[in-house]
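Time to open the notebook and look up a few residues.

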Amino acid sequence: MELKQINVDIYQYPKEFEYILHGCKIYDSSSSPDAQVIFANKNNGYFIKKANKNSLEKEFLMTEYYNKLGLTCKYVNYISNDYDYLITEKIKGNDCIYPKYLQNPKKLCDIIAEKLAYLHQIEPKNCPIPNHTENYLQLAYYNYKNGTYNKSQFPNNFGYKNEQDALNVICKNKHLLKCDTLLHGDYCLPNIILDDWKFSGFIDLGNGGVGDRHVDIFWGIWTLFYNFKTFDYTKRFMEVYGKDKIDTDTLRLIAAIEVFG
């Protein structure tokens, strides 16, 4: 996680946040054009995310839910007015793109596979987002109709020649998707926090909910490829996670859905 010190007019934020922002150094830690994230270096540290109105409600709900399970940071406040604002406490440690962790890819691969298997064993009782699979499919169809098709981040487009090819796979195999597993929803190295190799928690939970385990498995495989530029760790990841729980046809279905963003 890169932090760049910036100057912020704290009075542009809700007055409820002034006690955190006042009198401390502030850094930009944004990683997406969809939201601005700043880090306030006070006490153990706070992250404040600002995004369009109503866009952070799911993240707030899932952060609250994961916190009760002991799997993420404590949220401090959520406010929705002209914009959405979410404050969370910093989790002790560093994300998994910290150089120390990247220098040992086999160990890192094993840890993120083990933690994903642990997460997926948790009964998703009273999860506030119980219909991730339905929403997931609806978004893919919506993006297809609106011309959203991004194959750039997927090597060789996972075998799909074009958007129609990917859509055909979705229509043919969507029945394979289940809705029975607690998901992170964006299971990538920057969203997993370790403290000297010991698991501290997950962050950025806005895409989570109850859905099909292969969504997280797909992104676990992808994040290792993306950061190490090789598929050498794919088999290892799947074996540590539990190869008997993985269906290759469902993984290809997830790849087809993901090229629609």
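Before the first entry, a term: helices here are DSSP runs of H or I with at least four residues, numbered from the N terminus. I'm also keeping in mind that this is a predicted model.

**Entry: Thr223**

I started with Thr223 and found it in helix H7, which covers residues 214-228. Is Thr223 buried or exposed? Its relative accessible area is 0%, so Thr223 counts as buried, the cut-off for that being under 20%.

Next I looked up what Thr223 touches. Leaving out residues up to four places away in sequence, I noted Ile112, Tyr187, Cys188, Leu189 and Pro190. I then checked one of these, Tyr187. Tyr187 and Thr223 are 36 residues apart along the chain, and their C-alpha atoms are separated by 7.8 Å.

**Entry: Lys229**

Then I went to the loop between H7 and helix H8 (234-241), where Lys229 lies. I looked up the phi of Lys229 and got a positive value, near 55 degrees, though the residue is not a glycine. I jotted down some background: most residues other than glycine have a negative phi. Lys229 has a relative accessible area of 60%, so I put it down as exposed, since that label takes over 50%.

**Entry: Asn54**

My last stop was Asn54, in the loop between strand E4 (46-52) and helix H2 (57-68). What is the phi of Asn54? I have it as positive, about 70 degrees, and Asn54 is not a glycine. Its relative accessibility is 51%, so Asn54 goes into my notes as exposed.

Methods
Residues numbered from 1 in each chain as written. Predicted model: local features only at pLDDT ≥ 70, side-chain atom pairs only at ≥ 80, totals over all residues. Heavy atoms only, no water. Helix = DSSP H or I, 4+ residues; strand = E, 2+ residues; numbered from the N terminus. Buried < 20%, exposed > 50% of the residue type's maximum accessible area, 1.4 Å probe, protein only. Contact = heavy atoms within 4.5 Å.
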